[in-house]
Amino acid sequence: MRVKSRISSVNLFFLLVQTMIGVGLLSLPHQTHDAAGSDGWISILISGFFIQLIVLLIWLLCRNFPNLTLFDFSKVILGETSGTILNFLYIIYLLTVICYIFIIYVDTLKRWILPETPAWILFLIAFVLLIYGSICNIKNLVSLFSLLFIFILFLFFITFLVYGDPYIDVRYLFPIGSSGGWNILKSTSDSMISFIGFETLLIYFAFIKQSKTISALKGVFLAVLFVTIFLTYIVILSTVMLSPEEIKTTSEPVLYILSAMEIRILSRLDLIFLSFWGLIVFTTIISYTFSASMGISKLIHIKHKFAVILSGTFVLIVSIIFYYMDITLLEKWLKHLCLIFGIIIPILLLLITIIFKREAASTYGKN
Amino acid sequence: MRLKRNKSKKSLINQENLSIENIKSQLNHTSDLKDREIHSNNQIYIILYINSLVDQEKLESKIIKPLIKMENNNILNELYSQEISTAKSNKIAINGLLDGYCLLIKKGRNSEGFLLKTNASTDREVSEAIIEKTILGAKVGFVESLDKNIFLLRTVTKSPDFTVKNYTLGSSTTTNVSLIYLDHVTDPEIIKKVEQRIKSITLDSIRSAGDIQDCIEDHTVTPFPQLLLTERPDRASANLKDGRVALIIDGSPTVIILPATFMTFFQTPDDYITRWWLGSFFRFIRLFSYIIALILPALYIAFVSFHYEAIPLELVYSLQSSLSYVPFRPFIELMIMQLSLELLREASIRLPPSVATTFGIVGGLVVGTAMVEAGIVSYGGLIVVALTSVSSFVQPNLEMSSSIRILGFPLMLLAAIFGFLGIVVGVLFVLIHLSRLTSFGLPYFSPFVPLNMEDFKDTIIRVPSWMMYKHSKNSPHYKQEKRSRKWKLDESEEPY
């Protein structure tokens, strides 16, 4: 079924930025440092460039099926049965991502703000917000995300306060490339997980006004560029601020830096940062839930509202189970899953489309 | 309270043809319905009117006198009434009578009558606006009469585009409502929507602007008002020029402006009278105070009961010294204060001004200080509540400032349960809600959602008027205003 609403390229920029910047932000410097040492920022830049290519491929795939989402054109490409299976897998993948975000979100909040609140209460709050935020149409989603974009800029400004710190040492960045080219390249696969969110383009491209022209891609390119620069900035900041030994032991270097800062009226900057970060993470959750619910409602033909409630309940239960079982398990899975669902499957679909010349059904292919 | 009603329906005998007996029985033979027979020029005329609604002087000198002295049978040429219309059915005749017209019927030819305007007016004189005060703006306020209000609006909005459309609402008692807009400036879509919604109102009777507001607003489950109520003609006129629509209800000095967006409630006429620096400053202060009034109590609770390590150490000591005597949790403490403040506010509204001052001193100062000294609330809590209420008084619009009160309590509760996270969750709820609201199809949180840089010129700041745009692109004056300052180029001197 064709989607009816249309969004502009600028709207897509907000959608994508808000989906991509999310939960990975806090622990990213720590992770990249594990893999690439002080050259983590190079690996972020490389993966950013890589994502641009992937996004281009996804666009090439989606432009063959104007106004069709992944859940529709998968059936055109693979046929009814295997298309449905693929849709089901994608829904499961999207829900897994939400679970992962839920777990990291609650875990971080518990460790930094509310150490004594039971985790399930935090899960419940997140659940309520997820339901309330996701029962809407794409226009509401865009307007919310563009409004909350201000808070991403706030995150940026808060980090400026750090520069008063006397312990800044640019030499931590040098010598550039000391970890060796191969190590840096290898670590890009690890930093890829902080870019997840671009695969929602498989769905959002359907809403864009003129998906065939290159202008549709402009917002997407800018979004990926913005995210790359933002993440690189965060990684460089943490590398400069903390010695290699410190980064190794702190799982959220950004918060660690900010908590040491003290401005006149506020002794805990990390609190402010965390609250804004909380808003940003929610946009990611809402975006993913919206996509997943869209898939569910197409799969089993129910209303969007019930699909949201269904996926919300699923996420709530699964994330609570995983939270008490093993926090890191989902992350390990996702590192591979995001490569499969974000990169490999779109490329395969593109290849099939090109080789077998699949096109949207003639009823809507012509205009 | 509604009293029990007589449900029996009147039999409408012979509704089509005009007959005096029918009219009388449909008006229940009310005592102030008078009729008079006049013999003139070999004809018998009957004048029917409701005594209490008719200006006696007008009736005698303009209708009865010329009628008696009439030489020929052409009524329309002889009478001095400014408005004459023919009434062909009982219904039209009755509506006319209720509006203060008198009905003139030539006996023998019962099927035709004339409605002559003779209505009395007991309007209050135009006086100063009481609630929405300005420093430099016009002082006039709307009154209770529909005609006079339209007159007030027209005098400040001289334009051939000025369009009035009349509606009669209510099924048992009728109320006249006028829809006013500037053609070519207002979006026809909005006019269409408003008309459609007004026509669908099927209330028994319209008591006030609130009834209409309830029926036509987009969202009812929201603390945010979507229609602007004003009592100032200059404000209404400025909004008309911006492409909005005004609704005037007969008998109500409050005019409805729609569609109103969030930022509309932060504009006052003073912003545009003072220089733009000052205007922008006021705007900023108002927005800032809105945010303060909304989250300051919640922040206080979160800081005091959860994150005391986040505030500077000196402040912790001084807060703690007065907090340690208070037996309640910060949330309860603030609730006590907020509730007593609401009491004070509600009590002072209906007091005469002379008593209100004394009341303010006793209620505010004496009770406040005594409460702190008795150890019921702390100094910190008192300061927070006082600041909050002052900030909420800064709001130029009453309804918008009451949205603070409605939203403030849940935020306080969330802050008391989850601390800082609770505030974030609450604010996110509000933001999601705001981003979804619409007002007559327009996004409510407008320049922010969807992000529109052009509209920022008249929101957080107010740019000079020559830089401002015209709201409607259909307007012939679109973007002409920049020329207003072209003289500057001509006058500028070369540096060498």
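Visitor: How many bridges join E6(B) and strand E7 of chain B?
Guide: E6(B) pairs with strand E7 (residues 175–182) of chain B over 8 bridges, in the antiparallel sense. Keep in mind that this is a predicted model.

Visitor: And which residue in E7(B) is the bridge partner of Val164(B)?
Guide: Val164(B) has Ile180(B) as its bridge partner in E7(B).

Visitor: What order do the strands of that open sheet have?
Guide: The order is E6-E7-E9-E10-E8 in chain B, which makes 5 strands with antiparallel pairing.

Visitor: Which strands stand at the edges?
Guide: Strand E6 (162–169) and strand E8 (228–230) of chain B do. Each has a single partner strand, so one side of each has no neighbour in the sheet.

Visitor: What does the twist average there?
Guide: From one strand to the next, the twist averages 25°.

Visitor: OK, the other sheet, the one with E1. What order does it have?
Guide: That open sheet of chain B runs E1-E2-E4-E5-E3, again 5 strands with antiparallel pairing. Strand E1 (33–40) and strand E3 (84–87) of chain B are at the edges. Because each has a single partner strand, one side of each is left without a neighbour in the sheet. The twist averages 25° from one strand to the next.

Visitor: How many bridges do strands E4 and E5 of chain B pair over?
Guide: Strand E4 (residues 101–106) and strand E5 (residues 113–117) of chain B pair over 5 bridges, in the antiparallel sense. One residue to look up is Leu104(B), whose bridge partner in E5(B) is Phe114(B).

Visitor: Which strands does helix H2 of chain B lie across?
Guide: Helix H2 (residues 56–68) of chain B lies across E1, strand E2 (43–50), E4 and E5 of chain B. Its direction is at about 30° to E1(B).

Visitor: And what does helix H4 of chain B touch?
Guide: Helix H4 (residues 90–98) of chain B packs on the sheet and touches E2, E3, E4 and E5 of chain B. The direction of H4(B) makes about 140° with that of E4(B).

Visitor: Changing topic: how many residues of chain A are in contact with chain B?
Guide: There are 24 residues of chain A in contact with 23 residues of chain B.

Visitor: Which helices of chain A each supply at least two residues to that side?
Guide: Helix H6 (119–134), helix H7 (138–160) and helix H13 (269–300) of chain A do. H7(A) gives the most, with 7 residues.

Visitor: How many of the chain A residues on that side are nonpolar, polar or charged?
Guide: The side of chain A that touches chain B has 16 nonpolar, 7 polar and 1 charged residues.

Technical notes:
Residues numbered from 1 in each chain as written. Chains lettered and ligands numbered in written order. Predicted model: local features only at pLDDT ≥ 70, side-chain atom pairs only at ≥ 80, totals over all residues. Pairing = 2+ DSSP bridges. Helix = DSSP H or I, 4+ residues; strand = E, 2+ residues; numbered from the N terminus. Axes fitted to C-alpha atoms, helices over the stretch in contact; angles between N-to-C directions. Contact = placed C-beta atoms within 7 Å. Nonpolar A, V, L, I, M, F, W, Y, C, P; charged D, E, K, R; others polar.
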